[in-house]
Amino acid sequence: MTATRKTDAPESKALLKGQQTKAAIVDAALGLATQIGLEGLSIGALAEVARMSKSGVFAHFGSREELQISVVREYHTRFEAEVFLPILQADRGLPRLRQLFANWTKRTSAEIDSGCLYISGAAEFDDRPGPVRDALASSVKTWLAAVHRTVAQAREEGHLAAGMDAEQMVFELHGLILALQYEARFLRSSKSLARTLKGFENILLRYGANDVDPVIKTSAKRTTSTKK
């Protein structure tokens with residue numbers, strides 16, 4: 001028994017070290033991918049950044065494709081931890097939905113210089129079928145499903161109109177985030193965040209939320225009166 005434990009200890013340490021090394025490589029790969037894109041990611045480029053040999057990096061992934069997929073998974077894990085998990089501390093319904101969108105816009109704003117892997121990855125792999133595209137699409141769909149659950153909960157709590165279309169609302173919220181990234185990153189618009197937040201309040205108003213910014217409510221009433 002003692003001999004077995006002594007043998008297991010070095011193996012456990014070696015396994016732990018291997019996991020830590022792989023995690024460090026993925027971290028470096030993620031940083032590189034946000035700058036040059038998933039398509040630009042290669043074993044050679046990563047080896048240089050991580051200050052490792054190509055064979056050392058390759059031993060942990062086996063292929064460039066597996067490296068890219070590992071980066072997508074790590075990005076999703078961090079995105080979920082930063083944007084979604086914190087909202088579970090908020091009250092169900094509209095408070096939780098508001099917190100989700102606030103976290104989402106904060107994350108998007110922080111990625112203006114580095115870029116969002118979901119958005120840049122979609123541009124790179126939208127017409128390229130394969131495991132990397134599948135991993136990206138799966139991550140985005142998983143996230144949008146979480147947004148949909150949050151919207152549906154707000155409807156169930158009576159914070160949104162009973163007959164509102166949750167799928168349509170999620171589509172519009174996602175559209176706001178895409179517009180924010182495009183306007184801020186590509187067009188360098190200083191008004192992009194303010195317009196995004198105003199757009200969010202307008203969407204809430206149209207879907208029956210009661211605690212909408214009074215300024216938005218007044219503006220909407222004036223617009224309606226003008227049309228009449």
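Which residues of the largest nonpolar core touch the most other members? In this predicted model, for which local features need pLDDT of at least 70 and side-chain atom pairs count only at pLDDT 80 or more, totals for chains, interfaces and linings use all residues. Residues are numbered from 1 along each chain as its sequence is written, and side-chain values use heavy atoms, with hydrogens and water left out.

The largest nonpolar core has 54 residues, of which Trp104, Val151, Leu160, Met169 and Leu173 touch the most other members. Such a core is a set of buried Ala, Val, Leu, Ile, Met, Phe, Trp, Tyr and Cys residues joined through side-chain atoms within 4.5 Å; buried means under 20% relative accessible area, exposed over 50%, and partly exposed in between (1.4 Å probe, protein chains only). With neighbours within four places in sequence left aside, Leu173 is in contact (heavy atoms within 4.5 Å) with Leu97, Phe101, Trp104, Val147, Val151, Phe200 and Ile203.

Helices are DSSP runs (H or I, at least four residues), numbered from the N terminus. Helix H5 (residues 94-110) packs with helix H7 (residues 131-156) at an angle of about 150 degrees, the axes being 8 Å apart. H5 is therefore roughly antiparallel to H7, a term for angles over 145 degrees. Axes are lines fitted to C-alpha atoms, for helices over the stretch in contact, and angles run from 0 to 180 degrees between N-to-C directions. On the H5 side, the contact is made by Leu94, Arg96, Leu97, Leu100 and Trp104; H7 contributes Trp143, Leu144, Val147, Thr150, Val151, Gln153 and Ala154. By class, the contact of H5 with H7 has nine nonpolar residues (Ala, Val, Leu, Ile, Met, Phe, Trp, Tyr, Cys and Pro), two polar and one charged (Asp, Glu, Lys and Arg), where polar covers the others, Gly among them.

Val132 is also placed in helix H7 and is buried, at a relative accessible area of 5%. Val132 and Gln68 are separated by 64 residues in sequence, but their C-alpha atoms are 6.6 Å apart. Residues up to four places away in sequence not counted, Val132 touches Leu38, Glu65, Gln68, Ile69 and Phe125.

Thr34, in helix H1 (residues 2-36), is buried with a relative accessible area of 19%. Arg188, by contrast, counts as exposed at 55% relative accessibility. Arg188 lies in the loop between helix H8 (166-186) and helix H9 (192-206), and has a positive phi of about 55 degrees although it is not a glycine.

Key:
Helices (H or I, at least four residues) and strands (E, at least two) are DSSP runs, numbered from the N terminus. Angles under 35 degrees count as roughly parallel, over 145 as roughly antiparallel, 65 to 115 as roughly perpendicular and the rest as oblique.
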